[in-house]
Amino acid sequence: YDSDLARVCGAQVVILFAESYGAATFDQPRLAAALAPARADLAAALAETGRGVVSAWVRSPTFAGGSWLAHASLLSGVEVREDEEYHLLLSQPRETLVKLFARAGYRTLGVMPGLKYAWPEGAFYGYDAILDASALDYSGPALGWWRIPDQFSLARLDGAELTATDGRPRFAVFPTISSHAPFRPTPPYQPDWDRILTPDPFDQASFDSASDQEGVLADPGPAYGDAVAYLLRVVAGWLRLRPDLDLVLLVLGDHQPLAAVSGEGASWDVPVHLITRREDVRAAFLAEGFVPGLVPQGPALGGMADLTQVLLRAFGSSPPAISACLP
């Protein structure tokens with residue numbers, strides 16, 4: 001953890017863990033076709049806002065569940081594959097990406113819409129604030145057990161933190177929930193980002209359509225495709241909403257979807273996309289094995305902890321300078 005974060009200094013840095021976003025979205029033809037319009041929309045949003053994207057594969061430490069293992073692996077730089085390892089890790093003092101950004105002058109945030117109860121062990125990561133279900137204060141219609149649509153959580157992060165005028169950049173970690181199994185009800189995308197923050201965020205017709213759960217148990221693939229497409233459209237919409245935001249956005253899957261979707265013998269690979277208009281940051285990721293565009297190529301770069309080292313190198317200068325990112 002000797003990165004000075006020089007290449008991202010002053011940018012708003014967001015790590016978005018896309019729930020259940022796995023290699024199946026590329027290598028399953030039916031899913032790839034279903035997601036093509038949403039991917040094209042995201043590519044168009046990137047072009048419209050002058051941002052670029054580079055992508056790669058990384059191997060998740062878990063499959064079809066256990067998202068917290070992937071989160072812990074990336075944020076700590078230690079590959080965590082079992083719950084016992086996870087609990088042991090959180091009981092010990094250790095450097096994390098969150099603490100590194102905090103020392104560089106960032107306000108650090110955990111956006112946790114799926115967190116409904118006290119989480120004292122979260123102190124391990126070192127967040128300045130955790131925006132859990134209570135703090136997000138969603139008053140719209142409940143969408144399944146998780147209740148809060150991802151677009152609302154991102155809108156709250158954006159309005160309350162990323163566009164603040166206190167001169168302090170933000171580092172946020174956002175594990176999404178709308179694409180969590182069973183993938184229904186899928187929230188409707190709301191083009192009016194102001195309305196998504198109100199108690200009446202959706203038209204009734206779109207909400208009724210999103211709540212249809214028929215056929216999910218027999219064939220979860222279409223519901224999964226809709227849920228991932230929703231998340232991609234949310235990201236595209238946010239990029240358009242904030243075209244001038246100096247943003248370094250890492251979108252990565254936490255794990256593959258269940259085998260009924262991903263298929264028998266599926267890999268544990270998940271896609272990683274680095275989105276920013278900072279050309280030197282994208283170039284640093286290309287040097288680490290990423291490729292231009294939204295389609296990863298080649299073998300996985302390694303596990304989540306290997307990706308941690310990629311971030312440290314790509315975000316910093318070489319050799320690192322002491323406190324290079326501090327005001």
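The side chains of Arg240 and Glu48 meet in a salt bridge, with 2.8 Å from N to O, where a salt bridge is a side-chain nitrogen of Lys or Arg within 4 Å of a carboxyl oxygen of Asp or Glu. This pair links distant parts of the chain, Arg240 lying in helix H9 and Glu48 in helix H2, 192 residues apart; helices (H or I, at least four residues) and strands (E, at least two) are DSSP runs numbered from the N terminus. The model is predicted, with local features requiring pLDDT of at least 70 and side-chain atom pairs counting only at pLDDT 80 or more, while totals for chains, interfaces and linings use all residues. Residues are numbered from 1 along each chain as its sequence is written, and side-chain values use heavy atoms, with hydrogens and water left out.

Arg240 is partly exposed, with a relative accessible area of 30%, whereas Glu48 is exposed at 53%; buried means under 20% relative accessible area, exposed over 50%, and partly exposed in between (1.4 Å probe, protein chains only). Asp41 forms a salt bridge with Arg233, the closest N and O atoms being 3.6 Å apart, and this pair likewise links distant parts of the chain, with Asp41 in helix H2 (residues 29-48) and Arg233 in helix H9, 192 residues apart. Arg233 is partly exposed, its relative accessible area being 30%. Asp41, Glu48, Arg233 and Arg240 are linked in a network of salt bridges.

Helix H9 covers residues 221-241, and its 21 residues should span 30 Å at 1.5 Å a residue, which agrees with the 30 Å between its end C-alpha atoms; the expected span is 1.5 Å times one less than the number of residues. Of the 21 residues of H9, 16 are buried, so the helix is largely enclosed by the rest of the structure.

## A bridge from helix H7 to strand E3

The structure holds 15 salt bridges, and one of them joins Glu161 to Arg107, with the closest N and O atoms 2.9 Å apart. Glu161 belongs to helix H7 (residues 150-162) and Arg107 to strand E3 (residues 107-112), so that the pair links distant parts of the chain, 54 residues apart. Glu161 counts as buried at 8% relative accessibility, while Arg107, at 22%, counts as partly exposed.

## A negative surface patch

Glu82, Asp83, Glu84 and Glu85 form a negative surface patch, a grouping of residues with over 30% relative accessible area and no salt bridge, in which like charges are joined within 9 Å. Glu84 is placed in helix H4 (residues 83-90) and counts as exposed, at 60% relative accessibility.

Definitions and conventions: Patches are made of residues with over 30% relative accessible area and no salt bridge: like charges are joined within 9 Å, nonpolar side chains (Val, Leu, Ile, Met, Phe, Trp, Tyr) within 5 Å. Accessible areas come from the Shrake-Rupley method with a 1.4 Å probe; for residues, only the protein chains shown count as cover. Lys and Arg count as positive and Asp and Glu as negative; His and the chain ends are not counted. The place of a charge is taken as NZ of Lys, CZ of Arg, CG of Asp or CD of Glu.
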